[in-house]
Amino acid sequence: MAFSACFGGIIFNILVGVGLGCLLQISRSHTDVKLEPDGLLVWVLAGALGLSLVFSLVSVPLQCFRLSRVYGFCLLLFYVNFLVVALLTEFGVIHLKSM
């Protein structure tokens, strides 16, 4: 059950989260939902995911798979930094210069 929940929970969250948001937008405005796969936010999200996975891949074996409070604090600090950068990017404070 735990193994199936690892995959099913994530898929359910993606389908319901994205699907419900798109459904609400379509029902309110009656227009198509346009996703921007080439935007800066996509790079911020992918970069943060990659950095956190590499950090965990390196630090967890170095700690002999016994995680400490320092590791948890580092993850929380990383998440707060990611959240600030993602919000600033979404609201247009951080943007790419057009050439």
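## Aromatic pairs: exercises

Tyr 79 has 46% relative accessibility, so Tyr 79 counts as partly exposed (buried is under 20% relative accessible area, exposed over 50%, partly exposed in between; 1.4 Å probe, protein chains only). The model is predicted: local features need pLDDT of at least 70 and side-chain atom pairs pLDDT 80 or more, while totals for chains, interfaces and linings use all residues. Residues are numbered from 1 along each chain as its sequence is written, and side-chain values use heavy atoms, leaving out hydrogens and water.

**Exercise 1.** Find the aromatic pairs and classify the one formed by Phe 55 and Tyr 71.

Step 1. Searching the whole structure gives two aromatic pairs. Rings of Phe, Tyr and Trp (its six-membered ring) pair if their centres lie within 6.5 Å; planes under 30 degrees apart are stacked, over 60 edge-to-face, the rest tilted.

Step 2. The ring centres of Phe 55 and Tyr 71 are 5.8 Å apart with planes at 10 degrees, so this pair is stacked.

Step 3. Phe 55 belongs to helix H2 (residues 40-62) and Tyr 71 to helix H3 (residues 69-90), so the pair ties together parts 16 residues apart in sequence. Helices (H or I, at least four residues) are DSSP runs numbered from the N terminus.

Step 4. Phe 55, at 34% relative accessibility, is partly exposed; Tyr 71, at 9%, is buried.

**Exercise 2.** Classify the pair of Tyr 79 and Phe 82.

Step 1. Their ring centres are 6.3 Å apart and their planes at 45 degrees, so the pair is tilted.

Step 2. Both residues lie in H3, three residues apart, about one turn of the helix.

Step 3. Phe 82 is partly exposed at 21% relative accessibility.

Definitions and conventions: Helix = DSSP H or I, 4+ residues; strand = E, 2+ residues; numbered from the N terminus.
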